[in-house]
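Q: I should like to learn how to read the helices and the aromatic rings of a protein model. May we go through them one at a time?

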Amino acid sequence: MKVYTAKNIRNVAFVGHGGDGKTTITEAMLFAGKVIDRQGKTEDGNTVSDFDPEEIKRKISISTSIMSMEAGENKINIIDTPGYFDFVGEAYAAYALCDTAAIVLSAVSGISVGAEKAFTLATKLKRAKAFIINQMDKENASFFKTVDSLKSFYGNKVTVLQLPIGEGLKLKGYVDVITGAAYEGGKKVDLPAELEEKLAEAKEALIENAAENDDELMEKFFGGEELTAEDITRGIRMGMASESLIPVFITAAANGFGISALTSNIIALFPSPADMEPIKALNTKTKEEVLVKPDEKAPFAAQVIKTVADPFVGKLSVFKVYSGSLTTDKQILNVREGRNEKLAAIYMMRGKKQLPIDKICAGDIGAFAKLQFTNTSDSLADPSFPVKFSEIEYPKPCISLAVSAKKQGEEDKVFGGLHKLAEEDPTFTIVKADTGDTLLSGLGEMHLEVICSKLANKFKVDAELTEPKVPYKETIKKKISAQGRHKKQSGGHGQFGDVWIEFEPTFGEPEFEFVDKVVGGAVPRNFIPAVEKGLRESIPKGVLAGYPMVNIRCTLYDGSSHPVDSSEMAFKVAASLAYKKGCSEANPVLLEPIGKAEVVVPDNYMGDVIGDLNKRRGRILGMNPSSEGQLVEAEVPMSEMVKYATDLRSMTHARGSFKLEFIRYEELPGNLAQKVIEKAKKETEE
């Protein structure tokens, strides 16, 4: 493949809801561009972009994949993204790689939740946008209804560039609004009379939207001059780059309809990396902020956007070049590490294939294999130009399940494999909890299931997921004194230790406090540390259900000893006996963790969400307007929120989102505490 510079490159991410045809459009473009010799289907598991075993099995996209194709003198990097919300982290990588987010909609279902979220995120990240209304050949497809919805949502910047000739099962062709030409089956035909008025309306709106992006075009427009096709094309590209114009195209990708035209329009109308705003970065040598432009002659600077664990070539680092050019004989610096990386090869990506290339330039997307120090979000640069780009912000995990090895003895393999997969997917974490569980946290139940499936496929080891143990704690509610007396005689030296300890609640910090108030040598000084040690070793196991004891002060104030039989061990045992007796009589209670939840939902789901939080024993603290509806603040027991991500998604049709953070412990209501205690006793007996 030849070397392409920024003005001849188009980086396009297909984003939107699952099932609306992003992968099918990708496959159809590769087929129409003669990159592949047959068009695969998602349902058959043979597309170029869905190559992971889990994608083939589930018939959905799980990972973002990159397909490079040549189109005349230009190159298009197609970035196909998952539409299911459990894998939205993969889409974040796509937004970092692309210059244009092409939001795919179904002509049957119209604006979906995935399309709404894609639009919001593309706007937040300042990406050019386009709408592709796909599945135009399906029964009940409605182009004009979908366009009306888009305009009511996003205003008049939504600009129709193609009109369908027929719809649904009667789809025959399309009209190009820029030229006014009509096409059926790839051939030019006469414009249908019923579309003359709609074409005139669309052309007028197009010219107005294109003209307002350029002073010269505005002068021509207000001067009554006719804008040429070249003028309109320039205005569209400038409008897309400035986010003031969003073109609308039509396809029926499964049948290849509209695909060649889409490819041509991507080249002609979509902004190149050279048309986009420069990227901000920090020069780590001068400590100054710099603007990095896609200039091939500038020093090399790039960022690793995605890491892939490839079974054949090892770790692949997918990167986007922001300035300069690179050949394999050059040195590059990992700016975060301050160390140079050795390059074995530079690749262009096409699904699971890596095609070696000799050189890559600003604006392009490539991959390195086996970089030693480099992780996702790291900046790579010429040593003379050590610039660091902002790290990619990924969504935070919102569901946690306990993960363990299915077979005893394979724990190291499971956790080793998970840590390697975490390099590939920044949206999940592995953390050891206080309860002894290892928690696997991600964006949804399917996300966690897929991680375990990848573990089996790539590392040949099985893991299982279970609900995590709730990290309850125990405390006492009243002050009490208790004696611990340990006396044992078994021939020779015996054992003797005797202590009186006062136990009282501290109602907060510190979680454990030991106070020595012994006077007159009732307990010899050399045995007092053993008493403290005996208590410290006892408090991890509470007297009710075996959960850690907290917020307790233990005051040693009296006791007795034997000149021969007393020992450190005897006083440790005496302290533990006092602990069990004293805490059992000091009105012990179970404490549960309480979290602060911030739930963002559209207004029409407020009642359902608040009712559901109340059922979870939540306390509503307040409601505030948000850009996406209402922000509901509540305090909720963490045990009630284990699978809240799944339930909220179901309740709000995936429009709701939430954050949850631990704030404190509170007493668990008696009826629930009894169930926890009974369960703990049963487990102990077993």
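Q: Which residues of helix H13 are buried?
A: An α-helix has 3.6 residues a turn, so residues three or four places apart point the same way. In this predicted model, the buried residues of H13 are Ala-570, Phe-571, Lys-572, Ala-574, Ala-575, Ser-576, Ala-578, Tyr-579, Gly-582 and Cys-583.

Q: How many residues does helix H13 have, and what length is expected of it?
A: Helix H13 (residues 568–585) has 18 residues, for which 26 Å is expected at 1.5 Å a residue. From its first C-alpha to its last it reaches 26 Å, close to that value. Just after H13, Asn-587 takes a positive phi of about 55°.

Q: With which residues is Glu-568 in contact, leaving aside its neighbours within four places in sequence?
A: Glu-568, found in helix H13, is in contact with Asn-526, Phe-527 and Ala-530. By contrast, the C-alpha atoms of Glu-568 and Gly-239 are separated by 81 Å, and these two residues lie 329 residues apart along the chain.

Q: How should helix H6 be read?
A: The same reasoning on length applies. The 16 residues of H6 (residues 196–211) should span 22 Å at 1.5 Å a residue, and the end C-alpha atoms are 22 Å apart, which agrees. Its buried residues are Leu-199, Ala-202, Leu-206, Ile-207, Asn-209, Ala-210 and Ala-211. Their cover includes strands E6 (158–160), E7 (162–165) and E8 (173–176), as well as helices H7 (215–222) and H8 (229–241).

Q: How many aromatic pairs does the structure hold?
A: The structure holds 15 aromatic pairs. In one of them, the rings of Phe-119 and Tyr-154 have their centres 3.8 Å apart and their planes at 20°, so this pair is stacked. Phe-119 belongs to helix H4 (residues 113–124) and Tyr-154 to helix H5 (residues 143–154), 35 residues apart. Both Phe-119 and Tyr-154 are buried.

Q: Is the pair of Tyr-174 and Phe-257 stacked or edge-to-face?
A: That pair is edge-to-face, with 6.3 Å centre to centre and 85° between the planes. Tyr-174 lies in strand E8 and Phe-257 in the loop between strand E11 (246–250) and helix H9 (259–269), so the pair ties together parts 83 residues apart in sequence.

Q: Which residue lies over the face of Phe-119?
A: Lys-129 lies there, at 5.1 Å from the ring centre. Likewise, Lys-198 lies over the face of Phe-144, at 4.4 Å from the ring centre.

Note on methods. Residues are numbered from 1 along each chain as its sequence is written. This is a predicted model: local features need pLDDT of at least 70, side-chain atom pairs count only at pLDDT 80 or more; totals for chains, interfaces and linings use all residues. Side-chain values use heavy atoms; hydrogens and water are left out. Helices (H or I, at least four residues) and strands (E, at least two) are DSSP runs, numbered from the N terminus. The expected span of a helix is 1.5 Å times one less than its number of residues. Buried means under 20% relative accessible area, exposed over 50%, partly exposed in between (1.4 Å probe, protein chains only). Contact means heavy atoms within 4.5 Å. Rings of Phe, Tyr and Trp (its six-membered ring) pair if their centres lie within 6.5 Å; planes under 30 degrees apart count as stacked, over 60 as edge-to-face and the rest as tilted. A charge sits over a ring if NZ of Lys or CZ of Arg is within 6 Å of the ring centre and within 35 degrees of the ring normal.
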